[in-house]
Amino acid sequence: MTKACVIGWPVEHARSPIIHNHWIKTYGITGSYGRELIEPGKVGSFLKNLRDLGYAGCNITVPHKEEALAALDDIDPTAAALGAVNTVWLDQDRLCGMNTDVPGFLANLDETVPEWTRRTTHAVVLGAGGAARGIVYGLVNSGVETVTVVNRSLDRAEAVAAIYPGRARALAMADVGGLLPRADLLINTTSLGMKGQPALDLPLDRLKPDAIVADIVYVPLKTSLLVEAEARGHAIVGGLGMLLHQAVPGFEHWFGVKPEVTRDLYDLVAADIEG
Ligand code: ATR
């Protein structure tokens, strides 16, 4: 019996159990995936006890992605660059971790708009939090020439852009209108558009007709940004695919099978989100 879990504070809202338990069933694995509510400050001791608790590994959700890093023996370059880890597994007695949010975001883009790299010279990332940091890293490392980080607080956008001199720059959200005609790929990483939050208010009529529009928000499944972009004829990329794709490496490490992100899985998680 192989066990894994997600740790967070809070953790009830986490949807990874639906994803992993679907794969456990699909691949006929003797295993389970649960939730563990871990207080801030207790992440290191939980991870050090992982084996004694019977776990092969775990996912790390908010707010533990930084705290977990300090407890690990090995981390991948993406987790090291971002200072955030979301997937942990045991290799003999070594605690290993990686950041799968970035490859998950890129895999979702690849799946939805396979030619996106060829079409993207200039990407515009809305937001400057942890999610934006990961996405800017992923875009720059995928060869996107220029990334503009756009944020309500300009200083946070400047801090992210400063990591990639010559490749990234910063802009205040209030000035985004003038930038839209030059965006090949527009990505929302802010909480705007999420259920219960105000919608993003952008003059989408200024986008080039072939601009790609992506959102990492997945509740609702299609944000008002994506609804409007789709109505205007843009290729759109929803946030749910990123959630599903980021789960793949963890499952493979714990249960030994590389799982597929299928239509069935999309429908299952979408049904849960739509409640
Ligand atoms: P995460 O780490 O999950 O990406 P975060 O650090 O809380 O989240 O960042 C949330 C992002 O949404 C930030 O870019 C935030 O802008 P500020 O840095 O200016 O706070 C953005 N955001 C949240 N609410 C917003 C609002 N009402 N208007 C504009 N931007 C907003």
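**Binding site and core**

Guide: An unreviewed UniProt entry annotates Thr-61, Asn-86, Asp-101, Tyr-218 and Gln-246 as "binding site". UniProt positions follow the numbering used here, feature names are shortened, and annotations may be inferred rather than shown by experiment. Residues are numbered from 1 along each chain as its sequence is written. The model is predicted: local features need pLDDT of at least 70, side-chain atom pairs count only at pLDDT 80 or more, and totals for chains, interfaces and linings use all residues.

Visitor: Is Gln-246 buried or exposed, and why?

Guide: A residue is buried if 20 or more other C-beta atoms, placed from the backbone, lie within 10 Å of its own, exposed if 12 or fewer, and partly exposed in between. Gln-246 has 23 C-beta neighbours inside 10 Å, so Gln-246 counts as buried. Thr-61 counts as partly exposed because the number there is 19.

Visitor: Which residues is Gln-246 in contact with?

Guide: Contact requires C-beta atoms, placed from the backbone, within 7 Å. Leaving aside neighbours within four places in sequence, Gln-246 is in contact with Thr-100, Asp-101 and Gly-104. On that basis Thr-61 is in contact with Val-6, Gly-8, Val-11 and Ala-14.

Visitor: Which residues touch the most other members of the largest nonpolar core?

Guide: A nonpolar core is a set of buried Ala, Val, Leu, Ile, Met, Phe, Trp, Tyr and Cys residues joined through C-beta atoms within 7 Å. The largest has 85 residues, and Ile-7, Val-85, Val-125, Val-136, Val-149, Leu-185 and Val-213 touch the most other members. Domain 1 (2–100 + 247–274) and domain 2 (103–241) both contribute residues, so this core lies between them; the bounds come from an automatic or database domain assignment.

Definitions and conventions: Contact = placed C-beta atoms within 7 Å.
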